[in-house]
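I opened these notes to keep a record of what I looked up, in the order in which I looked it up. The entries follow the display.

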Amino acid sequence: MTESTLADVAGRYLAALDQALAGLPGEVRTGILTGVREELEGLSAADAAVRIRDLGDPEFIAADARSDTPQSVSAAPTPAREARWYPVVAALLVMVGGIVLPVLGTVAGLVMVWFSTAWTRTEKWVATLIPVAVVVLLGATGVVVAVASTGQAGPAGDGPSPLIPGPVDVVTLGIVLLVVVQVGVGIWLLVRAAKRG
Amino acid sequence: MTGVSTDVWTQLRKGVVEFCVLGLLAERPRYGWELADTLITNNLIASIGTLYPMLTRLRSQGLVSTYNEVSGAGPVRKYYELTPAGIAQLASFRAHWGPFSSTVYRIVGGDEHHD
């Protein structure tokens, strides 16, 4: 029999727990998942298995959390009540919204993602910050390239070295990279939402 | 059945369990599972499904704070501890709980005619 790693054991349990907690307010779900994740971090696979047994059945934990959630909060919009198309449209906008309507399309997608209950707060932050990080990285690269191009131009008016990409090349590459990243983030959001049904 | 309904006990537990957490943290800082284990053993909560949202609430209310600490040869753990506001909240609860529980016990408890 193949031995399970901590990542396998913890991952399976957290996924089952995440699924069982669907329908609960985001902060309740995040609080429980974060707490359990922290409890399992750093344990051996065997210790994690014991701890998981002690933590209990995900369905039981979810039922307990539901019983502790005020009725008024339960009645608030929940993932169960969110229209099925909403997270799909949000993820698609994140994916290709920027192509249809540069910047605004992506921003609209991210706003929809933040209003959706299909994703945890952490997932929303990841989806929001990855493109920002890419843009910052591209900006930094653009500055470096611009400086390098200027430095390469000879006093006699020689053009920049053909070995160093020009600013236009960097912008084109950057846009392509950003599109690829956005498509990747969108697919990841779709997969995460689909796993929770 | 003539016993008190389960709902009453549930409500009673819900009313005091946050203060029990504050009381446990007043003894010493504890990590999540330590709190869960103690509270579950004492039938104050059924599972961590109640505890972690409660800890999130207590943190957002500024009554507890957290810090990370390496435990012996074990993993880095997030420990919960009382803030000054948490200490004050617990002191206020103790001031009310003592007389309250004494009153209830004087009225309904310690009936020598039973048991």
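How many residues does the contact take from chain A, and how many from chain B? I began here, bearing in mind that the model is predicted, and I found that chain A gives 19 residues to the contact and chain B gives 15.

**Entry on the side of chain A that touches chain B.** I then asked which helices of chain A each supply at least two residues of that side. They are helix H2, residues 26–40, and helix H4. H2(A) accounts for the largest share, with 8 residues. By residue class, I noted 9 nonpolar, 4 polar and 6 charged residues on the side of chain A that touches chain B.

**Entry on confidence in chain A.** I looked up the pLDDT next and found that chain A averages 80, with 82% of the residues scoring at least 70. Among the elements of chain A, helix H4 (residues 58–68) has the highest mean pLDDT, 90, whereas helix H5 (residues 71–74) has the lowest, 49. I recalled here that H4 of chain A is one of the helices supplying at least two residues to the side that touches chain B. Over residues 72–79 of chain A the pLDDT stays under 50, and for this stretch the model has 12 contacts beyond four places in sequence.

**Entry on a helix pair in chain A.** Two packed helices are described by the angle between their axes and the distance between the axes. The crossing in which H6(A) passes H7(A) is left-handed. On the H6(A) side I listed A:Val89, A:Ala90, A:Leu93, A:Val94, A:Gly97, A:Gly98 and A:Val100, and on the H7(A) side A:Gly105, A:Thr106, A:Ala108, A:Gly109, A:Leu110, A:Met112 and A:Val113. The residues of this contact divide into 9 nonpolar and 5 polar, with no charged residue.

**Entry on chain B.** Chain B has 115 residues, of which 24% count as buried. I also checked the contacts in chain B between residues at least 6 apart in sequence, and 44% of these join residues at least 24 apart.

Technical notes: Residues numbered from 1 in each chain as written. Chains lettered and ligands numbered in written order. Predicted model: local features only at pLDDT ≥ 70, side-chain atom pairs only at ≥ 80, totals over all residues. Buried ≥ 20, exposed ≤ 12 C-beta atoms within 10 Å, placed from the backbone. Contact = placed C-beta atoms within 7 Å. Left-handed = near helix turned anticlockwise from the far one by under 90°. Helix = DSSP H or I, 4+ residues; strand = E, 2+ residues; numbered from the N terminus. Nonpolar A, V, L, I, M, F, W, Y, C, P; charged D, E, K, R; others polar. pLDDT = per-residue confidence, 0-100.
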